[in-house]
Amino acid sequence: MTPEPADPLDEAVLAARLFVLAPATFKGMTLRGSSPAREALVAALAEALPLRRLPGHVDDERLLGGIDLASSLAAGRPVRQTGLIEEARGGALIAGMAERMDGSIAGRLAQALDDGGTALVLLDDAAEPDDAPPASLTERLAFTCDLTHSRRWQGVTLAAPAGALADVAPLDDATLRALAATAEALGVDSLRALIHTGEAARGLAALAGRSVTDISDHASAVRLVLAPRATRLPPEEAPEAPPDEPPAPPPDGSPEDQSNTDQQQQEPDLSDILVEAAKAAIPAGLLEQLAQGKAPRRAQSSGTGQKRKAATRGKPLGARPGMPRGGHKLALIDSLRAAVPWQAVRQRESGASASSGIIMRKEDLRIRRFEERSARVTIFAVDASGSAAAARLAEAKGAVELMLGQAYVTRSEVALVAFRGTSAELLLPPTRSLTRARRTLAELPGGGGTPLAMGLNAAREVAEAVIARGRSAALVILTDGRANIAADGSPGRPQATADAETAAKAIAARGIDALVVDISARPGPEGAALAAALGGRFLALPRADARMLQAAIQAVQPLGKAA
Amino acid sequence: MARFPFSAIVGQDEMKQALLIAAVDPSIGGVMVFGDRGTGKSTAARALAGLLPPIMAADGCPYGASKEDQARYPEVCGRGKMVKRAVPFVDMPLGATEDRVIGSLDLERALRSGEKAFEPGLLAKAHRGFLYIDEINLLEDHLVDLLLDVAASGENVVEREGLSVRHPAKFVLIGSGNPEEGELRPQLLDRFGLSVEVRTPKDIEVRIEIMRLVAANEADPEAFAKRWAEADETILKQVAKGKARLPKLTPGEDVLRDAAELCLAVGADGLRGELTLMRAARAMAALEGAKKVTRKHLIAIAPSALRHRLRRDVLDETGSTTRITRAIAELFG
């Protein structure tokens with residue numbers, strides 16, 4: 001159990017007080033986890049600051065203002081309405097279920113946040129770890145608080161600040177340096193986060209009625225702003241020895257960007273304290289991930305990289321002109337909206353009287369559109385064990401990259417599960433991003449045992465998640481089929497083979513299409529047996545290069561039935 | 001919040017250079033900015049807007065028409081007399097609808113007087129200026145196609161809802177996006193004249209400087225703007241001078257040959273690479289106030305002009321930038 005600094009609610013209350021102190025500076029907060037504590041905090045916030053609810057289905061007109069259709073019709077003249085963004089000025093907008101927020105609304109809000117005067121509270125109810133509110137928003141808001149595990153909810157009040165932000169002196173150089181070094185140690189690249197940290201430190205001094213910040217302010221600011229965004233664990237040793245660049249340099253790394261020295265000059269004391277403070281505040285789940293070296297692969301700031309997922313939920317988009325046929329549904333309100341402005345013109349043209357009802361024409365018809373879904377997610381389960389020799393691994397990598405190259409055309413996505421040693425992990429959640437995929441693949445190490453059952457189970461879980469979102473999944477398993485690690489991680493060929501068969505049958509039972517590609521130099525019966533258990537196809541490629549492999553995968557797709 | 005002064009942006013030299021070059025010669029065709037969040041992409045693009053020399057435009061014309069526009073589009077641009085106005089900068093939100101972008105029936109007039117009138121959209125607003133799209137890689141495909149079409153033709157043709165309107169829409173497209181969150185289609189990428197990659201500054205001193213400047217701006221935006229007004233003015237003059245100098249510069253035979261050789265060496269697809277490279281080198285020379293376009297200008301701008309045009313070899317791990325610098329080193333020593 002990781003030591004918990006205090007109830008998360010205390011931290012959240014502190015963040016909320018800062019937010020109320022200067023809404024325009026801090027822009028807002030993301031509150032994770034539906035809990036009584038969060039409700040209490042929102043209630044307390046509402047007392048300090050006018051909050052306007054932002055429903056998930058809000059449209060552009062309501063958000064930005066525009067013509068109010070209903071009143072305009074009633075009045076017979078255009079009636080304007082102010083948008084929610086405008087109305088919420090001086091207070092804050094509050095959005096529930098922010099993890100499901102539409103990208104277009106997020107875009108509007110991000111722009112409003114940049115323009116200033118708008119503040120936002122996001123309530124994040126995401127159940128799965130990869131679900132998150134739009135990164136374009138969480139990135140801009142100063143605070144992220146997770147209240148899932150808070151056990152308190154009573155007596156939440158936001159004490160009034162003792163001073164004002166403007167009365168606090170700017171931070172001195174030593175402090176700025178320490179904050180910057182801390183951000184670096186935690187792998188927080190975004191400058192917005194860094195800037196928020198500095199302002200939070202000043203804000204904390206203002207809350208206490210001081211005009212200069214002290215070390216406790218700095219530590220709290222780091223805890224509140226930087227810790228939730230950490231993408232790596234700070235080095236254990238004193239920061240005199242700065243960590244090497246993480247093993248994943250950006251793909252197009254030009255040499256001049258890599259200069260991350262200059263750290264030696266900083267005083268180790270202050271940033272040491274700050275890093276310690278941050279470490280204590282990193283959420284337990286995140287800490288675990290970081291310790292396993294998982295999170296740095298993901299993101300530059302909290303919750304990024306998942307945008308595509310949030311965007312593939314089949315949400316309704318705006319209506320477009322068109323005829324309601326071939327599966328398209330009529331968007332009644334939008335059609336009316338399109339027809340209404342023309343009534344005066346048409347009545348004059350046709351000589352009808354005003355009482356003859358609305359004159360609709362074909363071009364008025366609008367159809368509803370839904371967000372396009374990626375048709376298919378191909379999940380590669382790659383055997384990176386010692387027996388699937390290193391050269392074959394390189395081919396597998398190449399094939400995945402080639403598949404991705406085609407993702408533009410087919411609008412399909414690719415996910416990657418790798419298994420070796422005693423574990424299987426999802427290296428790449430479903431994505432179309434070539435950049436990410438290439439980087440992940442380059443990092444994929446080889447060697448160790450063959451936990452085939454684990455790999456199959458991991459792949460099945462990904463496939464199930466994909467299917468749950470209304471898309472179809474196909475598995476491509478690249479292995480030699482020679483399992484020697486059982487599902488519980490213990491070595492032993494017979495148990496491992498039996499487990500693999502069970503896992504394969506579970507996949508077959510779910511009706512997931514599968515293809516087994518035997519990548520061993522001398523294909524044995526194991527691969528074919530696996531394919532049989534999966535109810536899938538089998539392909540032996542003893543001497544294939546990446547291109548041949550890709551051609552083969554293309555040839556067998558779509559794999560029989562359309563899921 | 002007041003716009004952050006352009007000259008106060010620390011580092012990000014390649015992005016600033018590309019934006020200024022696009023300002024000097026809008027025909028280069030837009031700038032694509034790749035980079036992580038929180039690296040100052042939006043800040044720089046928005047700061048640019050406040051920096052540019054004002055233009056002469058027809059008074060009261062929703063398109064900000066120039067004299068030439070008035071001659072070409074007499075029915076939409078009117079005959080208003082010329083007044084000074086700021087260069088338009090349109091910030092296009094991700095969720096913009098087609099109606100908002102290309103323009104639509106003017107609801108107000110239709111309702112009030114039963115009149116069929118066109119209400120210009122964002123494309124009209126951006127005429128002779130800049131159209132900025134944050135997270136362009138997440139933009140809907142049909143909008144992207146539409147934007148490309150208009151950007152290439154310099155004219156917005158509206159044939160819908162019983163409207164038939166044609167109006168000028170020449171603008172510099174500035175897109176930004178994080179490639180980790182979805183790629184841009186290659187066809188779209190190729191249409192951008194320049195592309196730059198922005199990374200978060202890793203140098204602690206630079207980061208501290210940025211924090212200091214942002215804090216100063218937050219504390220007193222007016223004083224901050226004043227402090228940087230002079231530096232901004234210098235850049236503005238530089239851009240204005242560059243614009244005036246541009247028509248006088250013609251790249252010599254040697255520079256053209258260099259451009260062709262470089263494009264061949266890196267395997268940039270199509271002629272567009274060479275043309276952009278040549279134009280960009282010319283704009284670079286104009287911006288610097290140079291008497292003639294030289295190889296130095298070409299080399300300085302080559303990564304921005306070609307980076308996004310290299311044929312993608314998914315099996316080649318070498319980054320585009322590296323491939324270009326390598327080719328430059330091999331060709332020009």
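Start at helix α9 of chain A: eleven of its 13 residues are buried, so the helix is largely enclosed by the rest of the structure. This is a predicted model. The buried residues include Thr175(A), Leu176(A), Arg177(A) and Ala178(A). Just past the helix, select Gly187(A), where phi is positive, at about 70 degrees.

Which residue does Arg177(A) pair with in a salt bridge? The partner is Glu205(B), with the closest N and O atoms 2.7 Å apart. Glu205(B) belongs to helix α10 (residues 204-219) of chain B and Arg177(A) to α9 of chain A, so this pair joins two chains. Glu205(B) is partly exposed, at 28% relative accessibility.

The whole structure holds 27 salt bridges over all chains. For another, select Glu526(A) and Arg482(A), whose side chains meet at 3.6 Å, N to O. The pair links distant parts of the chain, 44 residues apart: Glu526(A) is in helix α22 (residues 525-534), and Arg482(A) is in the loop between β13 (472-479) and α21 (493-509). Glu526(A) is partly exposed at 29%, and Arg482(A) is partly exposed at 25%.

Next, in chain B, select Arg307(B) and Glu14(B), a salt bridge of 3.1 Å, N to O. Arg307(B) is buried at 6% relative accessible area, while Glu14(B) is partly exposed at 25%. Then select Asp114(A), Arg140(A), Arg46(B), Asp91(B) and Asp134(B) together: salt bridges with shared partners join them into one network.

Now turn to the surface of chain B. Lys237(B), Lys241(B), Arg245(B), Lys248(B) and Lys291(B) form a patch of positive charge there. Of these, Arg245(B) sits in helix α11 (residues 221-245) and is partly exposed, with a relative accessible area of 31%.

Gly175(B), in strand β10 (residues 171-177) of chain B, has 0% relative accessibility. Its C-alpha is 7.9 Å from that of Gly30(B), 145 residues away along the chain. Ala88(A) lies in the loop between α6 (84-87) and β5 (92-95) of chain A and is buried at 6%. The C-alpha atoms of Ala88(A) and Arg53(A) are 9.2 Å apart.

Conventions:
Residues numbered from 1 in each chain as written. Chains lettered and ligands numbered in written order. Predicted model: local features only at pLDDT ≥ 70, side-chain atom pairs only at ≥ 80, totals over all residues. Heavy atoms only, no water. Buried < 20%, exposed > 50% of the residue type's maximum accessible area, 1.4 Å probe, protein only. Helix = DSSP H or I, 4+ residues; strand = E, 2+ residues; numbered from the N terminus. Patch = residues over 30% accessible without salt bridge, like charges linked within 9 Å, V, L, I, M, F, W, Y side chains within 5 Å. Areas by Shrake-Rupley, 256 points an atom, 1.4 Å probe, with all protein chains shown as cover. Salt bridge = Lys/Arg side-chain N within 4 Å of Asp/Glu carboxyl O. Lys, Arg positive; Asp, Glu negative; His and termini not counted. Charge placed at Lys NZ, Arg CZ, Asp CG, Glu CD.
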